[in-house]
Each structure stands twice: as C-alpha cells, then as structure tokens.
Amino acid sequence: MRLQGKVAIVTGAGSGIGRATARLFAAEGARVVAADVSDAVEETVAGLDRAIAVRMDAGSEADVERVVAMACDKFGGLDIFYANAGISGGGEGIFDSSVALWTEVLRVNLIGPALAIKHAAPRIVERGRGAILCTASVAGLRSGAGGPAYSASKAGVINLVQTAAQQLSTSGVRVNTICPGLIETGMTQRAFDYARDNGKQDKLGQLNPLRRAGRPEEIARVALFLASDEASYVNGQAWVVDGGLSSSHPVTRQLFGKTSF
Ligand code: NAD
C-alpha cells in the first residue's frame, strides 16, 4: 500500500502503460481518476473500488481543468498526476509530415503534459507534497525510435519536466518523466502482430541487452516508485526504462567470449 490515502489522475488510462499504472496505483491504495479519450477506460476501472473513469482529451485545457476539479471534488484533493496519454502520429518522415500532423502530435504529447503541470501543481501544493509524472520516450533522447514530430514532442517533455521542477522549487511538488523503450501496448501492437504473423517475434527488442520488449507493468512499477514518497529526492529527471537500449552506441555486442548466453 505504497500510495495509501493518495489521490491520483492517470491519463491515457484506457490502454497499455496508463491502464497498467492506473490499476497498480489503485492496488497500492490510491484513489484513481483514470482518464482517456477512449471508452476503453471504463474497462480499466472495472472491478476497482477506489477508481473512476472519465472521458477527456489530454491536450484540451478545459478537459484537463475539469479532470483536476473532478478528482478534488470526488476525492478531496490531488497528490499525483501522471500525464501519460500520447499518440505516435504514424511513421511519416520529415518530408511527408504535414503541419496538421505536427500540430496534433505536439498538442497531445507536449502541450498535454504542460497543461497537466499548470493545473495539477497548484492543487498538489495544497497537500504539502506530491508528484507529477510524464511519459516521454527513448525517442526523445536521440533519433531512431519514432517519427520526427513524435521524437521532438518527447524531447520537449524531457525539457519540460526539468523546467517545471525548477519553477516548482520549494513547492513540495516533484516533476519527473519516464522514457520507455519498446513496450508492447496499443501503440506498438501492429508491429508485434506483424512480427508474430510472420514468425519474426524473436526479432523484437533485440537491440537492447535484455533482448526482449518490455511490458506495460514494467513501466507501471517505475511510475509507482516515482509517484510515491519513496522517490522523495528524485526531481526534474528523465528515467529511462528500456532494457539498456540507450546505454550504448550502436556497436557489435561483446559477450565475454561467448557468442550467446
Ligand atoms: P497505448 O496506445 O496503448 O495507450 C495510449 C492511450 O492514450 C490510449 O488509451 C489512447 O486512447 C490515449 N490517448 C490518446 N490520445 C489521447 C488524448 N488526446 N487524450 C486522452 N487520452 C488519449 O500506448 P502506450 O504505449 O501505453 O502509450 C502511453 C505513453 O507511452 C505514450 O505517451 C507513448 O508515447 C509512450 N511510450 C510508449 C512506448 C511504447 O513502446 N509503447 C515507448 C515510449 C513511450
């Protein structure tokens, strides 16, 4: 019960990382507002005692304000906001990416977390301490893990949490982001399905030294730590959870004299 008595909002809670995190937060004692643009968020809270589902657009200021107010009205305050909702924007390269695509990806993936900080922080301050989390990506660290708009949006999130942590100095609110590597979720399902259909499932996640893709629960457990008071001295950081993918330049792997384990 590491979040006993806490009130948490999780966006993008209708699928993948957000769903796993909303359920873990609830299992750890939090009262949870599971928020998503999709009706699937109802399924996330099915069977949970202390969780409610709400439909919202994480890139809409009115919706973010409404969800924060709802959490405070329903549960008496706010301790944690996990701004996790995101879209990939597809695989278009820089010459094929329209202004409309750039605008929508930045609206959801970058302006959404900025709005979460803007509207959640003043309410968390009232509690004396708390945490805001975002989901960036290894795509925000360097090129090669997403389209140009997606990658730039995630790089922006990493900088956003650094700036927000500074601006919330002495407030008691910590602001961090997680940078997942390849995780099997709704966002990546097509790639996983394609690989399985073509007998290539062993190829997925092979670039990291653990040689597998991650599961949403493996991100949720890091989110739990960062959201909890156990992470009381972690602030303004991008926590990479990628099986070691970003720990090396692209070189031929050395396996201590063996070709494989
Ligand atoms: P997912 O598609 O399974 O879940 C994303 C959820 O966000 C969906 O339920 C979707 O309906 C919701 N959503 C989309 N736009 C929204 C909006 N405007 N308002 C509210 N909800 C919205 O994918 P996921 O992998 O669980 O994605 C969660 C986060 O993790 C995203 O920010 C994504 O960019 C990030 N991420 C994912 C991976 C990966 O490999 N899956 C890697 C790095 C980062």
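# A walk through the predicted model

A34 touches V10, A13, A22, V41, V45, I52, A53 and V54, leaving aside residues up to four places away in sequence. The model described here is a predicted one. A34 has its place in strand β2, which covers residues 31-36. Is A34 buried or exposed? Its relative accessibility is 0%, so A34 counts as buried, the cut-off being under 20%. Another residue to look at beside A34 is G12: the two are 22 residues apart along the chain, and their C-alpha atoms are separated by 7.8 Å.

The next stop is a loop. D79 lies between α3 (61-75) and β4 (80-83). What is the relative accessible area of D79? The value is 5%, and because buried means under 20%, D79 is buried. The side chain of D79 is joined to the side chain of R127 by a polar contact of 2.8 Å. Not counting residues up to four places away in sequence, D79 touches G5, K6, V7, I124, R127, R129, G130 and A131.

The side chains of R107 and D57 are joined by a polar contact of 3.0 Å. Residues up to four places away in sequence aside, R107 touches D57, G59, S60 and G112. L24 stands 83 residues from R107 along the chain, and the C-alpha atoms of the two are separated by 27 Å.

Helix α4 also packs against another helix, α5, which spans residues 148-167. The angle between α4 and α5 is about 15°, and their axes are 9 Å apart. Angles under 35 degrees count as roughly parallel, so α4 is roughly parallel to α5. The crossing of these two helices is right-handed. On the α4 side, the residues that meet α5 are L101, W102, V105, L106, N109, L110, P113, A114 and I117. On the α5 side, they are P148, A149, Y150, A152, S153, K154, G156, V157, L160 and A164. How many of the residues in this contact are nonpolar? There are 15 nonpolar residues, along with three polar and one charged.

The other helix pair is α1 (residues 16-27) and α7 (residues 216-227), which pack at an angle of about 50° with their axes 8 Å apart. That angle makes α1 oblique to α7. α1 passes α7 in a right-handed crossing. From α1 the contact takes G16, I17, A20, T21, L24 and F25. From α7 it takes P216, E217, I219, A220, R221, A223, L224 and A227. The residues of this contact divide into 10 nonpolar, two polar and two charged.

Methods:
Residues numbered from 1 in each chain as written. Predicted model: local features only at pLDDT ≥ 70, side-chain atom pairs only at ≥ 80, totals over all residues. Heavy atoms only, no water. Helix = DSSP H or I, 4+ residues; strand = E, 2+ residues; numbered from the N terminus. Buried < 20%, exposed > 50% of the residue type's maximum accessible area, 1.4 Å probe, protein only. Polar contact = N/O pair within 3.5 Å; in protein donor to acceptor, adjacent residues only side chain to side chain. Contact = heavy atoms within 4.5 Å. Axes fitted to C-alpha atoms, helices over the stretch in contact; angles between N-to-C directions. Parallel < 35°, antiparallel > 145°, perpendicular 65-115°, else oblique. Left-handed = near helix turned anticlockwise from the far one by under 90°. Nonpolar A, V, L, I, M, F, W, Y, C, P; charged D, E, K, R; others polar.
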